[in-house]
Amino acid sequence: MANRKVTYLPELVDNNIELSVRHLKQFFKFGHGKNAFVTKAVHDISFDIKKGECFGVVGESGCGKTTTGRTLIRLYKATSGSVYFKGYRIVAGNRWNEKEIKWKRIKTNRKIRDLKNEMNEKIRVLSDEQGNKEFVESESAKIRDQYNAQIEKLKTDLAALIKEQKEKIAQHNYDNKHVDKKLMSKMQMIFQDPVDSLDPRMTVEDIIQEGLHIQGQYNAFENSQKVREALIKVGLLPEYASRYPHEFSGGQRQRIGIARALIMNPDFLICDEPISALDVSIRAQIINLLNNLKDEMGLTIMFIAHDLSVVKYFCDRIAVMYFGNIVELASSDELFKNPLHPYTRALLSAIPKPDPLSEKERKRYIYVPANEHDYSKEAPSLVEITPGHFVMANTEELEKYRKVLNENK
Ligand SMILES: Nc1ncnc2c1ncn2[C@@H]1O[C@H](COP(=O)(O)OP(=O)(O)OP(=O)(O)O)[C@@H](O)[C@H]1O
Ligand SMILES: [Mg+2]
């Protein structure tokens with residue numbers, strides 16, 4: 001369609017929202033046919049990240065943090081849901097819409113079949129009971145008309161839904177296809193593994209300037225200058241540009257990864273556990289570096305980590321992830337003051353205390369979902385329990401959490 005436009009939500013920009021994630025799902029399918037199985041790495045998550053804030057994502061290994069980051073930056077094709085960056089839709093998945101069509105079709109066909117059976121039964125009973133042939137025929141015609149009208153209504157409803165969903169799918173495909181490269185260059189990611197994420201056959205200079213080439217910037221002199229500036233920014237010497245990744249320590253490699261992201265002059269940075277692979281002594285350096293860069297460049301950051309102690313001081317808000325879902329989301333202060341979800345409490349109990357006496361008394365709390373929740377009667381959803389504090393719960397659990405909040409007051 002010639003006059004289609006990329007979906008843009010001005011209200012996000014008006015509300016200072018840099019990135020908005022809506023019902024994002026990322027499934028991985030293995031195998032074919034009957035033997036196929038699906039890993040639901042990210043299962044329906046929604047959140048907004050405000051301009052200039054640092055948003056932490058915390059959860060145990062395999063809960064879907066990296067997958068979320070990679071989907072946001074379009075390294076994976078999203079299964080369903082949307083992501084908006086600076087108001088523009090950059091990710092849109094179709095699975096939900098396709099399923100909607102499929103289920104509506106199945107349900108409608110089932111209803112039509114039932115209606116037809118009901119109609120035939122009524123006509124059969126009528127002709128069995130009445131001897132008058134003319135009367136039976138005129139009554140049967142009335143019944144037929146009545147049922148056919150209902151069936152027609154179901155068919156038109158189905159056609160309307162299919163048309164609506166197909167239009168949405170077409171818009172999603174259009175949005176995915178027409179994502180602005182320049183816009184995407186404003187979103188960069190620092191990858192989890194500082195060793196594997198750098199190509200060993202490329203020099204540091206080539207690695208760092210690769211993004212510029214993708215953007216079509218080939219001026220060798222300018223690029224080289226930018227590489228040097230980026231190296232200085234992350235605290236490395238410009239002379240390192242001609243070396244290869246294996247010649248560096250883990251901390252230095254992580255800095256190279258950061259320089260590679262910074263050279264694109266990003267507004268939004270996804271830091272995927274940038275310090276987990278590093279020595280404790282170097283961790284503080286990298287955190288300080290990111291903090292300085294954040295202030296200097298006015299960056300918005302999504303900071304992924306697997307324990308809460310790291311994000312506590314660095315992040316304004318924290319989302320706790322468990323098995324592909326966000327189970328709690330609140331400001332850092334609120335989350336540490338009033339942790340509600342048992343998984344958040346388990347993560348908090350894992351943080352070592354600096355005082356040896358209280359550390360001795362610290363009890364590790366292990367989260368076992370089967371012991372904590374009974375979702376047989378009512379499924380949970382992410383509910384805003386106090387302004388800005390979201391927790392995954394059903395009605396019964398919400399009551400319980402409200403009591404806890406009142407007691408903590
Ligand atoms: N490319 C892929 N293909 C298939 N499955 C994948 C892929 N990437 C991730 N997964 C699966 O998705 C789930 C989430 O993985 P992910 O890497 O996002 O976890 P994570 O939270 O980043 O863990 P960690 O803290 O160990 O880095 C895992 O079960 C993983 O096996
Ligand atoms: Mg990861």
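Before you click, note that the model is predicted, with local features needing pLDDT of at least 70 and side-chain atom pairs counting only at pLDDT 80 or more, while totals for chains, interfaces and linings use all residues. Residues are numbered from 1 along each chain as its sequence is written, and chains are lettered from A and ligands numbered from 1 in the order in which they are written.

**Stop 1: the sheet.** Select the open sheet of 4 strands, ordered E2-E1-E4-E5 with antiparallel pairing. Strands (E, at least two residues) and helices (H or I, at least four) are DSSP runs numbered from the N terminus, and two strands pair if DSSP finds at least two bridges between them. E2 (37–50) and E5 (88–94) are the edges: each has a single partner strand, so one side of each lacks a neighbour in the sheet. From one strand to the next, the twist averages 15°; angles run from 0 to 180 degrees between N-to-C directions, with axes fitted to C-alpha atoms, for helices over the stretch in contact.

**Stop 2: E4 and E5.** Now pick E4 (residues 80–85), which 6 bridges join to antiparallel E5. Here Ser80 faces Asn94 of E5.

**Stop 3: helices on the sheet.** Show H2 (residues 65–72), which packs on the sheet and touches E1 (17–30), E2, E4 and E5; contact requires C-beta atoms, placed from the backbone, to lie within 7 Å.

**Stop 4: H6 and H8.** Finally, select H6 (residues 204–214) and H8 (residues 250–262), whose axes come within 7 Å and cross at roughly 35°. Residues making the contact include Ile207 and Ile208 of H6 and Ile256 of H8.

Terms used. Two residues are in contact if their C-beta atoms, placed from the backbone, lie within 7 Å.
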